[in-house]
Amino acid sequence: MSINHIKRRYQKDLTKLPKIFRNRVVKQNNMFTLPTFENKLPILPKEEYKTMTQTGYTEGDLVYITKGEHKGTISTIFRYSKEYDGLFLSDIIEKKIIPKDQWFDQQDSFLVDYPKLIPADSVKLAAKDKNDKGEDYYIVAEEVVFKGKYYDDRYKKWLPRRFVKHHEHIEVPWPNPPTEPKAGELSTEGETVFEKTWEFQSLSVPPFPSTIVNELRNPYSKHKARVLTELQARRLNKPTMPLSKEQQIYLAKKQQSETEQPTELTEEVQDFIGERIANHLNSITNPHLKAHLDALSKNTINH
Amino acid sequence: MSLTTKEAFAKLPAKLHRFFLKYPPRPFKAYSEKPSTIDDPSMNPFLPNKNPVTGRWQEPKYSLRRSSDLFKLSYKFGISDLIPPLPKKFYQDKYDNKNFMRGMLRFKKHKWERTMEDRVEARTKAIKEMDDIIVKQRPEYKKIIKKRRASQRTWW
């Protein structure tokens, strides 16, 4: 165990303290700092740190200030402080007093320009666009929503698409990252990723091309004969069993009893049926019923 | 325009025509109204029939649906009485000759409801003949009756 590790036990970790004690410690610390360097925003515990997809903005984005001294100004995010949940904007600067013993080289005044920390709840995401005439205009998003994701080559990672809530046809693209992401010690090169080193094997995909079968097997083999010999055919087909006497008698009887179906009715029957139908049809007066019966009569046996 | 018999016969639908080829119309061939055997010449194709050799019942040659179709078609052409008798009733006949359930025609009621009329009759009769019944069991009751009659108020 290193000395640094042990030292950490005796250091004050604000994030481990409850909120009321945390503020007290901050107050105590402020007693010994210069009045302009007083820290007014509370420090957040680590669990409450927000990522760029949670806040909805990142460094390089435009924001609109809604509260405080600089209300109504639009500025670019210079840095986001996750510990304080605050923003340093590029144009919002305040003067701070520095004692002479802490002056840096080429400093000639007690007052220096220092970026002002602005709480995150007093800014809204803004975006710049051009209208049809080519004039610049800004939009301010009350809230942002994320939909879908895409691979951003500038950030070298997958990012969600950002839209203005309730106006979801307006997309606010992510800004260019302030610094290009650099490859670390453990990162893999882009080209190496696309190198195929392993292949999924399945029974449904044969390991060899299907055309290789003809090369492995002889298509003209004598064992591949299409016509069976008589012996082979006899072995493959079961023999027809001879009928018993009872079966033969039954079949003969059945053949005798089967009489041929007449194909036409006798004249007498035809006349009888025709007369009955004629009497019935002649008595019908309803034209709709007549039309219905005519339709039924279309499907008849023609002689 | 009146139709001739030949013209009218030409209007016979194929379905009925084919049926009559297998089973000639009624007056030319008799069909039994009850299930019979399959070798019976008057066997009805719309009813189940018995195989006398095996002793098993055969399903009707025509199902209820097919036989109903044949009846309805023949009814439209006025020859519904020519096909063999069906085990089903149709149209108005179905409502005129309906076999109602016994419970629908006469309700059973509770036992006290069923016997009430007789019991009331017996009771009224017993009240009417009360004196005679008592006298039969107790002869000295005659005196009481006599006394009562004597004390009875009259208009005079």
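Two strands are taken to pair if DSSP finds at least two bridges between them, and strands (E, at least two residues) as well as helices (H or I, at least four) are DSSP runs, numbered from the N terminus. On that basis chain A holds an open sheet of six strands in the order β4-β3-β2-β1-β5-β6, with antiparallel pairing. Its edge strands are β4 and β6 (136-141) of chain A, each of which pairs on one side only. Direction ignored, neighbouring strands of this sheet are turned by 60° against each other on average, where the axes are lines fitted to C-alpha atoms, for helices over the stretch in contact, and angles run from 0 to 180 degrees between N-to-C directions.

This is a predicted model, in which local features need pLDDT of at least 70 and side-chain atom pairs count only at pLDDT 80 or more, whereas totals for chains, interfaces and linings use all residues. Residues are numbered from 1 along each chain as its sequence is written, while chains are lettered from A and ligands numbered from 1 in the order in which they are written.

Within the sheet, strand β5 (residues 123-130) of chain A and β6(A) pair in the antiparallel sense over six bridges, and Ala127(A) stands opposite Ile139(A) in β6(A). The loop between β3 (86-97) and β4 (111-119) of chain A contains Ser109(A). Ser109(A) counts as exposed because it has 9 C-beta neighbours inside 10 Å; a residue is exposed if 12 or fewer other C-beta atoms, placed from the backbone, lie within 10 Å of its own, buried if 20 or more do, and partly exposed in between. From C-alpha to C-alpha, Ser109(A) lies 8.7 Å from Ile97(A), at a separation of 12 residues in sequence.

Elsewhere in chain A, strand β8 (residues 157-164) is joined to β9(A) by two bridges, and these strands run antiparallel. Phe163(A) stands opposite Glu171(A) in β9(A). The hairpin of β8(A) and β9(A) has two residues between the strands, and there His166(A) takes a positive phi near 70°. Strand β9 (residues 167-171) of chain A is hardly covered, since the count of buried residues among its five residues is zero.

Where contact requires C-beta atoms, placed from the backbone, to lie within 7 Å, 29% of the contacts in chain B between residues at least 6 apart in sequence join residues at least 24 apart.

The contact between the chains takes 24 residues from chain B and 23 residues from chain A. On the side of chain B that touches chain A, the elements giving two or more residues are α1 and α2 of chain B.

Apart from its neighbours within four places in sequence, Ile277(A) is in contact with Ala8(B), Phe9(B), Lys11(B), Leu12(B), Phe77(B), Gly78(B) and Ile79(B).

Notes
Contact = placed C-beta atoms within 7 Å.
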